[in-house]
Each structure stands twice: as C-alpha cells, then as structure tokens.
Amino acid sequence: MTDVSNHHVPDRLTTPLQRTLRSWESLLLAVAVAIFLLNTFASPYFLNAWNLSDATFNFTEKAMIAFAMALVIISGEIDLSVASIIALVSTAMGAAAEVGVGTPGIVLIGLGVGLACGAFNGALVTGLGLPSIVVTIGTMSLFRGISYIVLGDQAYMNYPDSFAWFGQGYVFWVITVELVFFLAFAVIYGVLLHKTNFGRAVYSIGNNPVGAMFSGIRVKRVKFILFLLTGLMAAVASVCLTSRLGSTRPSIAFGMELEVVTMVVLGGVNILGGSGSIPGVVIAAFVMGLVTFGLGLLNVPGIVMSIFIGLLLIGVIALPRLWNQFRQARR
Amino acid sequence: MMSQLIKSREAILLAAILGLLALIASRFPAYVEPGNLVNVFNDTSTLIILAMGQMCVILTRCIDLSVAANVALTGMVVATLNTLMPGLPVVAILVIALVLGACLGAVNGLLVWKLQIPAIVVTLGTMTIFRGIVFLISDGKWINAHEMSAGFKDFPRMEIAGLPMLSWIAILVVVCFVVVINRTPLGRSFFAVGGNPNAAVYTGIDVGRTQFLAFTISGMMAGLTGYLWVSRFAVAYVDIAGGFELEVVAACVIGGISIAGGVGSVAGTLLGALFLGVIKNALPVINISPFWQLAISGSAIIVAVAFNAQSSRTKGRVILKSAEQTA
C-alpha cells in the first residue's frame, strides 16, 4: 500500500489562466494581432480609420449569419442554404420595392421570407428526420432557383432612398450601421449560447442528441428554432447586403455559405458538433476580414485571397493536431 | 424476390426516368429519338464519371466538395500543356490528367487520414485553394479553341459505333466501378467503413486508409473529367464547372447513396446522374426557361432524400424478418 497522503494531487490540472492562454480563442487572437501588424507594415494605407471602417464590410454580413450558423453547427447540424436565402430574400424585397412598398415594409417582407425559408429547412430536418447537409444542399438550389425563375437575367434596382441606411449608413463618425448590427448580434448570440438554458441545450444536443432527449430537452424543437434563427440572420444579412449594393441579381452572395462555414470553423466550432464559442467566431470574423482587406490593399485579386482563406482554414485546424502528434511521438 | 426487385430504389428511379421520358415524348417525340438520347447521355457523361468517384467517398462517410475545382485545375493544366507542347499525344495527356487528379484527391485523403480533419472542412478548404491555383496558373486568362491542337479537341468527339468517345469513357468508368465496388476487397471495405467504422477496424480494415483511397479515386475521376470537359467545350478558364460539385453530390443522393455512409450502389448512382441529365436536357425542349433548372434539381434532391429516408425507415422496422429471409 502506498501512502496516498504523500502524493500531491492537484485539484485541477490547469489553472484558469493557463486554460485561457491555451484556448483556441487566444491562439486566434494572436493570429489576428499578427495579421494586423503585418498589414500595418505591408501597406501605408492600412492604418486609416475610414479604410478600416470600409474593411468591416468584408465580414459584418457574413459574421451575422455565422453567429446563427455556429449554433446550428454546435447542435450537430449544418445549413448550406444561407447564401441562397439571401438571394431569395433580396428578390422578395426587390419585388416589393418595385410595387412601391416603403422601407419598413420591405424589411418586414425580407425578414418574413427569411423565417419562412428557415422554417422550411427546419421542418424537413426535424419533421421528416432528414440529414441537414442534404436538405440544405437541396434548398440551396431551390431557393436560388426561385430567384432565377423570378428574375432571370434581370435585376431589381428601384429601392427607396431610405433603404440605403442599412448598408451605407453611419451611426457615428466611422462606425457603420452594419458594424453596430454585428456587435449587437455578437452580444445577443453570446448571451444566448453561453448564458441561457437554450444555449446549454444546444451544446448537449450536439454532444449527445439521444442523451439530451432523455434529459428532457425538446431536441426537435430546439433544432427547428436554430434553423429559424439561421433563416432570420440570413434575411438580416440580405437586408444589409442588398442595401449596400442597391440592387438585386439572382447571383447575389453566390458561394457565401462556404465563407460563413469557414468563419465558424475557424472560430473553433467543432464541425461535428458539441463545442465552440461566440467570442471565437467574432475573432475569426476579424481575422478573415483583416486578411482579405490587407491583401486587397496589396492589389491581390479576390480569388488569390480565397487561397489564403482555404489555407487558413486547413492550417489552423491541422497545426494543433500536427503539434499534438509531434509531442506524442516524442514521449 | 419479384416484390423486392420492384421495391428497390434503382427500379423506382428507373421507372421515374422512363415515366419522365414518356411524359416528354407524348408532346415532343423528337426528344426520345435514338440520336437525341445519345446526345443526352453524352451530355451527362461528365456527371456520371464524377458521381462514380463521389459515390466511393460518400460510402465511407466522407464528402468531396473539391471535385469541381479539381476538374478546373486539371483541365487548365492539361490545356496549358497542350498550348506549350501541341505534339503531346492524347494518351499522355490522359495519363497526366488521371495522375494529377489522383494527386489532388490524395491531398484531401491524406488530410482526412493522417490528421483526422473532417472531410467537409478539408474539401471546403482545398476547393478554394484549387480554384485559386487555377487563377495563378492561367493569370485569369482563357485558353480558347484556336490555341488547342486538333487532336486534343477531337478526342472526346471521336465516334465509335455511333457513340462519341466521351460516352464510351463514361461507360468504361461505370464498368470499372461495377467491378471494383462489387468484386474487390476495396469495394467491400468502402461499405464496411461507412456502415460501421468500429466494426471495420476489428475486421482488420484501416478506416483512414480506405477513406484516403476513396478520395484518391474521386480525384482521379475529377482529373479525367478535367481533360474531357476542357477538350469537349474547347475552352479552359477559372470558373469551369463552378458549383458542379453540388450537382455531383445531388446525383449520388438521388441515386440512393446514403449521406450517412455505407448504403448505395453503382446502378443507383448511374440512374441518379441520368435522372438529372434527362431533366437538364429536356428543359429547353419543352420550352421551359433554363432558369428553372436550378429550382427543379433542388426540388428533386429534397424529394429524393425524403423518399429514401421513408423507405429506409420501413426497412429498419422489419430488419430481423428480412435477415431471416435472406439467411
């Protein structure tokens, strides 16, 4: 028998400070700061309040969707139809503007269509029990397809002047309306995920849906609400994007779903569900925005930037795993 | 036995395609003339080839979203090679396309195998990376028909027994996959890994290695399609086959490949691709604006997956009975 009392048994393996320092969020924050510094040295135009303010447009719309998408992915599902919801919402708003509906009416119609799209996804996933990845690949074609049927090769451009406020307005000095929306939604979703019963339910569903069901969580209802929220946030993003562009074409926001998913995964959300945080997504949004903006200042074409985004996505996930494998191999 | 055959997914899909053809033929008989059906098949060939590779990947519980970008990259590389060395024989180009495609697929496979990164994340990343590399190679410029050599462009159009080479290659690919999927240990291991990865490990199958091979095969098919696509349309540019990866996944899903892995067949995949091909080619004939196509294929995916889920649900209830019957 060994004397247990002689052994020093720590009551926790790491201190809170160590845990914070080793967390995904701090790694990401370090990356963000590094990119910021690199940008500052690389281009003399970077450190300019107005330029930085313009840079926020690179990520605010995507990030708004990414908050809701983070919850969906944490719950173990995915929604690939968000960019198509943007197109359909934008088409509906354009049609409404065409017949002379005022700005509040346009926005309400947009939000309504977004909720309807989310409800459609949610009903197929929870009601019929279909895998969300396939359902939303289908609705991705369907929603954008409806936009193409309505618009064809045409465009809606007759938006009222007051509609421009969402995407082109400033609240105070260089602070754009979109940036305020982004920050407000960051707080709302942060509280929803980290401080409410609903948020805890989302985590438990992602970790073990059957266990969650047996512990009294209405799994299907929670998932349905998550798809509703994603539809709603896609609609909000659509209001901002349409207002910023001032026109609607069926190809609007094409491929944005992948950038949103990239942002969420970069933010440390496990693509298989069960873990992740809103602060992580916020930092990831800044990282992606800074990378694309900084490269843009250096005259790098958009498609080459996408190489960096792709490498970033794989790199940030691969490097910690490689590091772990390396450490285990040394032991 | 007979009722099983009638209830099988492939039979229902086949009936749906024939019904669709009959419906179109009732108003536009020219559509079902052999000459036109050959055209429809030829037009669907690239989708069939890609769907076969994607099937292997989905069977192992993964997904390959990088196939369309792989098509664009290999297509651009072989087209560039052709402009630099017009004398290079088509056989050499085919080999280069297959090898390059397989290498790109292997990159996906290695990341999934060695680093255990989820396939959807890996291929999402490589998709944008491959597309970006096409831009870097081409500098955003197009390679047009007059810059390609005659032999390069003519190969997919060569007719043998009334069927263009492109169609023959698709048929050859399908035959190869029938053999590989149904008659080789590799084919069995795809199903084993997708059906139950833990059990697969205990039977001595390396799950990661099997997934790696599936990705390599998918990449190889994408490479082959890259050359065929570029030479058939006689043009290579950055956005070739943009968004085509989702059509490929759709063909598999409609064909009854379960996205959860382990369930599916070559015949189903073939029929799923043909189903999309028939619709795509029928739209201009029946005077529906091509703008409808996206919404129709989206609806087809949703209906197909809902239908598949329904049929697998009933199967789940009687699993013991059917097991006794087959035993």
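Reader: Which helix does I65(A) lie in?
Author: This is a predicted model, in which local features need pLDDT of at least 70, side-chain atom pairs count only at pLDDT 80 or more, and totals for chains, interfaces and linings use all residues. Residues are numbered from 1 along each chain as its sequence is written, while chains are lettered from A and ligands numbered from 1 in the order in which they are written. Helices (H or I, at least four residues) and strands (E, at least two) are DSSP runs, numbered from the N terminus. The run that holds I65(A) covers residues 60-74 of chain A and is helix α4.

Reader: Is I65(A) buried or exposed?
Author: A residue is buried if 20 or more other C-beta atoms lie within 10 Å of its own, exposed if 12 or fewer, and partly exposed in between, with the C-beta atoms placed from the backbone. For I65(A) there are 32 other C-beta atoms within 10 Å, and therefore I65(A) is buried.

Reader: Which residues does I65(A) touch, not counting those up to four places away in sequence?
Author: Two residues are in contact if their C-beta atoms, placed from the backbone, lie within 7 Å. Leaving out residues up to four places away in sequence, the ones that I65(A) touches are V82(A), M233(A), A234(A), A237(A) and V260(A).

Reader: At what angle do α4(A) and α13(A) pack?
Author: Axes are lines fitted to C-alpha atoms, for helices over the stretch in contact, and angles run from 0 to 180 degrees between N-to-C directions. The crossing of α4(A) and α13(A) is right-handed; a crossing is left-handed if the near helix is turned anticlockwise from the far one by less than a right angle, and right-handed if clockwise. Helix α13 of chain A covers residues 256-266, its axis is 9 Å from that of α4(A), and the angle is about 65 degrees.

Reader: How many charged residues are in the contact of α4(A) with α13(A)?
Author: The residues that α4(A) gives to this contact include I65(A), while V260(A) is among those given by α13(A). Ala, Val, Leu, Ile, Met, Phe, Trp, Tyr, Cys and Pro count as nonpolar, Asp, Glu, Lys and Arg as charged, and the others, Gly among them, as polar. By these classes the contact has 11 nonpolar residues and no polar ones, and the number of charged residues is 2.

Reader: Which element gives the largest share of the side of chain B that touches chain A?
Author: In all, 38 residues of chain B are in contact with 40 residues of chain A. The elements of chain B that give two or more residues to this side are α6 (119-138), α12 (244-254) and α14 (293-317). The largest share, 13 residues, comes from α6(B).

Reader: Is R61(B) buried or exposed?
Author: R61(B) has its place in the loop between α3 (34-59) and α4 of chain B, and its phi is near 70 degrees, a positive value in a residue other than glycine. With 20 C-beta neighbours inside 10 Å, R61(B) counts as buried.

Reader: Is D139(B) buried or exposed?
Author: D139(B) also has a positive phi, of about 60 degrees, although it is not a glycine, and its place is in the loop between α6 and α7 (150-154) of chain B. Because D139(B) has 8 C-beta neighbours inside 10 Å, this residue counts as exposed.
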